[in-house]
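Welcome to my notebook. I jot down here what I looked up, one topic at a time.

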Amino acid sequence: MNLKVCEAGEMVLRQPARALTVKEILTPEIQDLIGSMYETMRAAPGVGLAAPQIGVGLQLAVIEDRQEFLGKLPPEYLAERQRVAVAPHVIINPRLTIEAGGDVEFFEGCLSLPGFTAIVARAHAVRVECLNERAEPVTIEAHGWYARILQHEIDHLHGTMYIDRMMSRSFMGRENFERHWKNLSMGECRKLLDE
Ligand code: CO
């Protein structure tokens, strides 16, 4: 089922989500919810969707970065972002650890803030300990764009959105991003935005 995505202003996007029990994860209700979240993320389309975004205050998110989309992007754009395909998977009750490697800045967006984008600094590498859809413990080591997706989705589970972390002067509409900024390097963007 394709679910309605909550936009900024819905209370649930600003509240910490609660952890799921192993027993809950294995219920048909949660398994169905996961299926609907995949469907909603793919229809959007997006590379991640957290349960609070569909009005459910649970520590659950789905992630998928499809080769089908990556194939339409320039190789140099993908290389700069260290963006590679990520197979569909679920993170439940995640614990995030920032790894060495510093921060990297890129424009990012969110399905709950449609039509906008901004530069957000995110850790280059992270480790995530969580449960999968079978309630099994999983450790994910990620860097580049995948690490960014994980940080963005885990933020949602704590009531945080990218606008809380963005370089505020870089906040802009998608159309203007496409028109003026899309083809600039991050260094050039920085230079144009710094006072
Ligand atoms: Co988001």
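Which residues cover the two faces of S2? I found Leu-60, Val-62 and Glu-64 on one side and Ala-61, Ile-63 and Asp-65 on the other, all buried. Buried means under 20% relative accessible area, exposed over 50%, and partly exposed in between, with a 1.4 Å probe and protein chains only.

A note on my source: this is a predicted model, where local features need pLDDT of at least 70, side-chain atom pairs count only at pLDDT 80 or more, and totals for chains, interfaces and linings use all residues. Residues are numbered from 1 along each chain as its sequence is written, and side-chain values use heavy atoms, with hydrogens and water left out.

**Strands around S2**
Strand S1 (residues 48–50) runs antiparallel to S2, joined by three bridges, and Gly-48 stands opposite Ile-63. S2 also runs antiparallel to strand S3 (residues 86–98), with five bridges; there Leu-60 has Ile-92 as its bridge partner. Two strands pair if DSSP finds at least two bridges between them. Strands (E, at least two residues) and helices (H or I, at least four) are DSSP runs, numbered from the N terminus.

**The cobalt ion**
Next I checked which atoms hold the cobalt ion: they are SG of Cys-110, NE2 of His-152 and NE2 of His-156, at 2.1 to 2.3 Å. Donors are N, O and S atoms within 2.8 Å of the metal (3.2 Å for Na, K and Ca); water is not among the atoms, so sites may look incomplete. I noted the spacing C-x41-H-x3-H. Cys-110 lies in the loop between strand S4 (103–108) and S5, while His-152 is in helix H5, 42 residues apart. Both Cys-110 and His-152 are buried.

**Cysteines**
I counted zero disulfides, a disulfide being a pair of cysteine sulfur atoms within 2.5 Å. Why is Cys-6 too far for a bond? Its sulfur is 11 Å from the closest cysteine sulfur, in Cys-110. For Cys-130, the nearest cysteine sulfur is also that of Cys-110, 20 Å away.

**Rings**
I found Arg-81 with its charged end over the ring of Tyr-77, 3.7 Å from the centre. The rule asks for NZ of Lys or CZ of Arg within 6 Å of the ring centre and within 35 degrees of the ring normal.
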